[in-house]
Amino acid sequence: MESKTDWIRHTLQKVARRAALHEPALRADMTPDERHRRIEELRQEAHRDLPERIERLARLTGLRYTRVTLRAVRSKWGSCSSINSISLNIFLMILPEHLRDFVIIHELCHTVEHNHSPRFHALVNHYTEGHERELERELRTYTIIG
């Protein structure tokens with residue numbers, strides 16, 4: 001029983017540290033109007049930044065996608081369909097630029113490997129110069145909804 005208590009305490013401390021690191025995109029104490037305004041701000045920023053960013057990274061990597069859509073999704077940073085259509089979350093705009101690039105590279109790699117196999121991770125690791133795990137760990141310190 002003691003080990004479970006220790007694990008729970010450790011996990012709660014880890015969650016608290018993670019939450020303290022970065023302000024979430026949407027806070028629980030926001031009014032509906034504040035949430036709407038914040039989403040619209042992020043949507044405008046995303047439309048100015050993300051289409052050019054994915055195009056630049058696709059050119060640099062040689063990876064091809066069919067189209068990009070921008071959405072306000074509360075659970076994923078991005079996704080890639082079976083026809084290589086990439087959907088990016090407007091909440092990417094709360095991330096530092098290097099993590100935005102990491103998410104986009106991750107999704108572009110899905111245009112070659114539509115899974116999370118060792119080959120997929122090797123490809124992501126190649127395009128992130130060996131930093132996939134480190135970037136993934138850093139990405140997990142951010143949250144969309146707090």
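This is a predicted model: local features need pLDDT of at least 70, side-chain atom pairs count only at pLDDT 80 or more; totals for chains, interfaces and linings use all residues.
**Reading a fold, feature by feature**

Student: How many helices and strands does the protein chain have?

Tutor: Helices (H or I, at least four residues) and strands (E, at least two) are DSSP runs, numbered from the N terminus. The protein chain has five helices and three strands, and from the N terminus on they run α-α-β-β-β-α-α-α. Of its 146 residues, 40% are buried.

Student: What is the phi of N84?

Tutor: Most residues other than glycine have a negative phi. N84, though not a glycine, has a positive phi near 65°; this residue sits in the loop between β2 (78-80) and β3. E129 is another non-glycine residue with a positive phi, about 55°, and its place is in the loop between α4 and α5. At 68% relative accessibility, E129 counts as exposed, whereas N84 is buried.

Student: Which residues is T69 in contact with?

Tutor: Contact means heavy atoms within 4.5 Å. T69 belongs to strand β1 (residues 67-71) and is buried, with a relative accessible area of 16%. Leaving aside neighbours within four places in sequence, T69 touches I86, S87 and L88. For the protein chain, take contacts between residues at least 6 apart in sequence: 58% of them join residues at least 24 apart.

Student: Which residues have the most contacts inside the largest nonpolar core?

Tutor: In soluble globular proteins, nonpolar side chains tend to be buried together. A nonpolar core is a set of buried Ala, Val, Leu, Ile, Met, Phe, Trp, Tyr and Cys residues joined through side-chain atoms within 4.5 Å. The largest one here has 37 residues, and L50, W77, L88, F91, L95 and L108 have the most contacts inside it. Two or more core residues come from each of α2 (32-61), β3 (85-89), α3, α4 (118-127) and α5. As for L108, its partners beyond four places in sequence are I54, L57, A58, T61, L63, Y65 and I86.

Student: Which residues of α5 are buried?

Tutor: They are E132, L135 and L139. Seen down the axis of α5, these buried residues fall within an arc of 70° (taken from the directions from the helix axis to the C-beta atoms), so they line one face of the helix. Their cover includes α3 and α4.

Student: What lines the largest pocket?

Tutor: There are 16 lining residues, and S75, K76, W77, E136 and L139 lie nearest the pocket's centre. By type, six are nonpolar, five polar and five charged. Here Ala, Val, Leu, Ile, Met, Phe, Trp, Tyr, Cys and Pro count as nonpolar, Asp, Glu, Lys and Arg as charged, and the others, Gly among them, as polar. A pocket is an open set of points on a 1 Å grid over the protein atoms alone, where a 1.4 Å probe fits, with protein on both sides within 12 Å along at least five of seven lines; lining residues have an atom within 4 Å of a point. Both α3 (97-109) and α5 (132-139) supply at least two residues of the lining, and α3 gives the most, with four.

Technical notes. Residues are numbered from 1 along each chain as its sequence is written. Side-chain values use heavy atoms; hydrogens and water are left out. Buried means under 20% relative accessible area, exposed over 50%, partly exposed in between (1.4 Å probe, protein chains only).
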